[in-house]
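Q: I have a chain open and would like to go through it piece by piece. Can we start with single residues and then move to the whole?

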Amino acid sequence: MEKLFKLKENGTTAGKEVVAGFTTFFAMAYIIAVNPTLLSESGMEWGAVFLATIISAIIGTLVMGLVANVPYALAPGMGLNAFFVYTVCFTLGFTWQQALSMVFICGLINIFITVTKIRKYIIKSIPRSLQNAIGGGIGIYVAYIGILNVGLITFDSGVPALVALNQPAFWLFLIGLALTVVLLLCKVKGAILIGIVATALFGIPMGVTVPGESVSFTEACSQLPTTFCAIFTSEGLGSLFSDAAKIPLVIITIFSFSLSDTFDTIGTFIGTGRRTGIFSDEDELAMEKNSGFKSKMDKALFADATATSIGAIIGTSNTTTYVESSAGIGAGGRTGLTSVVVAICFALSAFLATFVSAVPFAATAPALVVVGVMMMSSFKEIKWDDLSEAIPAFFAGVFMSLCYSISYGIAGGFIFYCIAKICKKQIKDINPIIWVATGLFILNFVMLAII
């Protein structure tokens, strides 16, 4: 195990990695029930998507852990699955088979831009100030995910407000948050995981910890053939480009899928990997010197890229690196052993879905909030008294939470970074890749407005 994961070299132990793996899994386990519930609205079988979600998470996470040796977990992404159903299927009128085919092509594009090192060069082109802003912004974003998941904020009449104080989930969240904070301040080992488990147990008598929607493993297996390799049928790739009039729309949709997937992953890696040293300056130097896939970042990007196409073949929307991996990283995860533990947990969840789905958002939200607090330390590196740095940093760091999208936050940061440099007559300081990425973001916004 030491030879495979290099635990001592990364300043960790097997015990820490196991605890981190459990922490990450419980922080993202909601996707096991949420993804099939969402995608089934497009006509897909609930049980088929349930298994496809688990299988794609297992494969993607194992590749990330065993090949890249970094503590990230993958699964079908929230946000992208909503885009899949409500925009691609409902608004644009594509079938779910065609939508899966577009996700598959998106994965191939991501593999191409990863093998050709385009994604690596994008990461290297991002100025340090924006990297720090993205890091702190990921912290706000993670905490915001926790707050929204537990329903702490309501949006009645379009106005954000605190939820009614008579909600059991609200009080369970507060109990869990207080417990987790106390454990962290007292430096209790495994504080975040203990907080999740203890809060879930407290939720049983409160009626909050209850099993969610699920199906038996046998029933799910019987439904899986309906989505497995559906993209290779006449209803999938065979029909995607059959209507010449819709080809421009197909291309625009694939472009939107790919752009969001690419920059969500880049933001997650920058936000969680820089501060913790998972992706260090030495690793960046290795990226520059090596022509092959020898650095951690190269391998991690490749693992993420291949997961999308694999997930589409099995039958789910974009499989991507989860920002909730930050919970496990906050718990001390530093190597691929954390990812392997997460993958094992996903495998077991296929048989124990009733128990896994019983863990409420109120139990995992406190973990995300405290991890978010930890990650916001990156903001201290930003020169907030310099508007030319503060304005791009604000959009890259805060806007992603307001938009509930990592890629939109990065887009805002890039756009205002270019504006700031132009106004200060420092155009030469803008990396050509930033120019291209900014142009693509603007093009994407225009196309989304049109469709």
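Q: Where is Lys 6 found?
A: This is a predicted model. In it, Lys 6 sits in the loop between helix H1 (2-5) and helix H2 (14-28).

Q: And what is phi of Lys 6?
A: Phi of Lys 6 is near 55°, a positive value in a residue other than glycine.

Q: Is Lys 6 buried, partly exposed or exposed?
A: Lys 6 has 42% relative accessibility, so it counts as partly exposed.

Q: Which loop holds Asn 69, and what about its phi?
A: The loop between helix H4 (46-68) and strand E1 (74-76) holds Asn 69. Asn 69 is not a glycine, yet its phi is positive, about 55°.

Q: Buried or exposed, that Asn 69?
A: Asn 69 is buried, because its relative accessibility is 10% and the cut-off for buried is under 20%.

Q: Switching to Lys 189. Where is its place?
A: Lys 189 is in the loop between helix H9 (168-185) and helix H10 (191-202).

Q: Is Lys 189 buried or exposed?
A: Lys 189 is exposed, with a relative accessible area of 77%; exposed means over 50%.

Q: How far apart are Lys 189 and Met 1?
A: In sequence, Lys 189 and Met 1 are 188 residues apart. In space the C-alpha to C-alpha distance between Lys 189 and Met 1 is 22 Å.

Q: Now salt bridges. How many does the count come to?
A: The count comes to two salt bridges. In one of them, the side chains of Asp 304 and Arg 119 meet at 3.4 Å, N to O.

Q: Which parts of the chain does that pair link?
A: The pair links distant parts: Asp 304 is in helix H15 (residues 296-314) and Arg 119 is in helix H7 (residues 118-125), 185 residues apart. Asp 304 and Arg 119 are both buried.

Q: What does Asp 429 form a salt bridge with?
A: Asp 429 pairs with Lys 421, and their closest N and O atoms are 3.9 Å apart. Asp 429 is partly exposed, at 47% relative accessible area, whereas Lys 421 is buried, at 18%.

Q: Why can side chains like that pair at all?
A: Opposite charges can pair when the charged atoms of the side chains come close.

Q: Next, Thr 253. Which helix, and what does it touch?
A: Thr 253 lies in helix H13 (residues 247-276). Leaving out residues up to four places away in sequence, Thr 253 touches Phe 83, Val 88, Leu 92, Phe 94 and Met 102.

Q: Is Thr 253 buried or exposed?
A: Thr 253 is at 1% relative accessibility, so it counts as buried.

Q: Stepping back, how many helices and strands does the protein chain have?
A: The protein chain has 23 helices and four strands. Its radius of gyration is 21 Å, close to the 22 Å that the globule rule gives for 451 residues, so the chain is as compact as a globular protein of that length.

Q: What box do the C-alpha atoms fill?
A: Along the principal axes, the C-alpha atoms fill a box of roughly 60 × 55 × 55 Å.

Q: How much of the chain do buried residues make up?
A: Buried residues make up 55% of the 451 residues. The accessible surface comes to about 18,000 Å², and 68% of that belongs to carbon and sulfur atoms.

Q: And the contacts, what share join residues at least 24 apart?
A: Among contacts between residues at least 6 apart in sequence, 80% join residues at least 24 apart.

Conventions
Residues numbered from 1 in each chain as written. Predicted model: local features only at pLDDT ≥ 70, side-chain atom pairs only at ≥ 80, totals over all residues. Heavy atoms only, no water. Helix = DSSP H or I, 4+ residues; strand = E, 2+ residues; numbered from the N terminus. Rg over C-alpha atoms; globule rule 2.2 N^0.38 Å. Buried < 20%, exposed > 50% of the residue type's maximum accessible area, 1.4 Å probe, protein only. Contact = heavy atoms within 4.5 Å. Areas by Shrake-Rupley, 256 points an atom, 1.4 Å probe, with all protein chains shown as cover. Salt bridge = Lys/Arg side-chain N within 4 Å of Asp/Glu carboxyl O.
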